[in-house]
Amino acid sequence: MIDLKLLRERPDEVRASQRARGADPAAVDAVLAADERRRIAVGRADTLRSEQRQLGKKIGRASGEERAALLEHGKELAAQVKAAESEQAEADQALVDTHRALPNLIIEGVPAGGEDDYVVLDHVGTPPEFDFEVRDHLDLLERLGALDMERGAKVSGARFYFLTGVGARLQLALLTMAMNRAVAAGFTMVIPPVLVKPEVMEGTGFLGAHASEVYRLRDDDLFLVGTSEVPLAGYHAGEILDLSGGPRRYAGWSTCFRREAGSYGKDTRGIIRVHQFDKIEMFSYCRPEDVQDEHQRLLNWERDMLAAVEVPYRVIDTAAGDLGASAARKYDCEGWVPSQSRYRELTSTSNCTTFQARRLNIRYRDEDGRNRTAATLNGTLATTRWIVAIVENHQRADGSVVVPEALRPLLGLDVLKPA
RNA sequence: GGAGGAUUCGCCUAGUGGCCUAGGGCGCACGCUUGGAAAGCGUGUUGGGUGUUACAGCCCUCGCGGGUUCGAAUCCCGCAUCCUCCGCCA
């Protein structure tokens, strides 16, 4: 949720943000109207309750006829209070509904427009030239005995797979390297629950436009997370943090589940787009004034990881219309995929400013002892999809794959060879 | 899955329909005192809403949601969490 005070004071900025996202600027006015209605309702109910309490005191002391008259008045007042409270409750709900529906205010400089309106900020590395026919990751991994899609489909359906042998070992090495780096940078390692309650899923903003992406267990009223961002954001929900020592940083290791509804026919080969994968996710809680610097730091840690696996990549500043509801700005690092001759998303780091924390009621105490809403950010350090870029970029004519230097000690192999 | 118990301001605790519109202790903060400190004394110390230039004021908050009542921490109903016991179980 956007800060209501900001919304009242600078509605034009929020309307402009809505336009940049391709969303309706009138949503702003709906919130303002609901806010006005609520404040009037609260004022009325407060006044009536105050009268009722005064009267209650009198009745306690009164006796005889006076008491009977007061009791009569008390009944009237009770009815009025009840009516005023129900109006207050309705007005509250109406405000919450319109307020929650409004996506985060974008940061100045974020490109306007949709999916294709991103701005490329940087290119790192050069796509490799091959003097042989390039194999795609599925071909390579199957030859290596690293991936079994057919049995994945047999056991669980389309977009499921088994990582086997060196495939499983490669993923473990990759995620371990990511986690080791995170821990070295001061992150607290976390293995979170991957089933969460509705209020946590809702609080992180995933039940809005992307609700159909989320697996839901109706019998138990739980959701499977699509990223450990969800439990890591919920981790400090309702708390008041001490951020005087700088940002609180967590690195989550978890399996992620996505329904991939509406992506029929896209990326059906291999493990680029799957229902279940593993990920190391950075999550940071910080003061709002530090949030843009922190976003750059998360981006830099992602870039360090990409450098370590020796994959060429570019960095894009995602356009407003392609941001999630919670994000105010998002940078993606896209790795080169030789078989497709294009860049594909490998990391994504979002600055959620205070939007997510306000929904989840995460605060911190500032220097003056005031409780203020914290800011949250998240970013990817490694995922199963990275295996695609690693094996394709490091393949050789015979179908073997050279293991990037940094992964060798963790994997215990220099080259992956077909069986 | 079943039975019982618990949930009050950071911690401990008082509390059985109107002197609780929540008291006390610990801790913490500030002040007085002191050469300095301890002790002592005094003041403050949940979170939120509304309101104000800022205060003040007012309202809500005793795990959560309903109900009874002029009035609920207190009575009634439902739920959650934790603990104990029984059953089942990788």
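Q: Where does Asn104 sit?
A: Asn104 is in the loop between helix 4 (64–101) and strand 1 (119–124). Helices (H or I, at least four residues) and strands (E, at least two) are DSSP runs, numbered from the N terminus.

Q: Before we go on, what sort of model is this?
A: It's a predicted model, where local features need pLDDT of at least 70 and side-chain atom pairs count only at pLDDT 80 or more, while totals for chains, interfaces and linings use all residues. Residues are numbered from 1 along each chain as its sequence is written, chains are lettered from A and ligands numbered from 1 in the order in which they are written, and side-chain values use heavy atoms, with hydrogens and water left out.

Q: OK, back to Asn104: buried or exposed?
A: Asn104 has 4% relative accessibility, so it counts as buried. The cut-offs are under 20% relative accessible area for buried, over 50% for exposed, and partly exposed in between (1.4 Å probe, protein chains only).

Q: What does the Asn104 side chain make a polar contact with?
A: With the side chain of Thr353, at 2.8 Å. A polar contact is a pair of N or O atoms within 3.5 Å; within protein, one must be able to donate a hydrogen and the other to accept it, and residues adjacent in sequence count only if both atoms are side-chain atoms.

Q: And which residues is Asn104 in contact with, leaving aside neighbours within four places in sequence?
A: Among them are Ile2, Ser17, Arg21, Ala325, Cys352 and Phe355. Contact here means heavy atoms within 4.5 Å.

Q: Switching to charges: how many salt bridges?
A: The structure holds 28, each a side-chain nitrogen of Lys or Arg within 4 Å of a carboxyl oxygen of Asp or Glu.

Q: Which residue does Glu90 meet in one of those?
A: Arg37, at 3.6 Å from N to O. Glu90 lies in helix 4 and Arg37 in helix 3 (residues 26–61), so the pair ties together parts that are 53 residues apart in sequence. Arg37 is partly exposed, at 32% relative accessibility.

Q: What about Glu334 and Arg314?
A: Their side chains meet in a salt bridge too, at 2.7 Å, N to O. Glu334 is in strand 12 (residues 329–337) and Arg314 in strand 11 (residues 313–317), so this pair ties together parts 20 residues apart in sequence. Both Glu334 and Arg314 are buried.

Q: Which residue pairs with Asp317?
A: Arg329, with the closest N and O atoms 2.7 Å apart. This pair links strand 11, which has Asp317, to strand 12, which has Arg329, 12 residues apart. Asp317 and Arg329 are both buried.

Q: Aromatics next. How many pairs?
A: Six. Rings of Phe, Tyr and Trp (its six-membered ring) pair if their centres lie within 6.5 Å; planes under 30 degrees apart count as stacked, over 60 as edge-to-face and the rest as tilted.

Q: Why is the Tyr235 and Tyr250 pair edge-to-face?
A: The planes of Tyr235 and Tyr250 are at 70°, with centres 5.3 Å apart, so the pair is edge-to-face. Tyr235 is partly exposed at 45% relative accessibility, while Tyr250 is buried at 5%.
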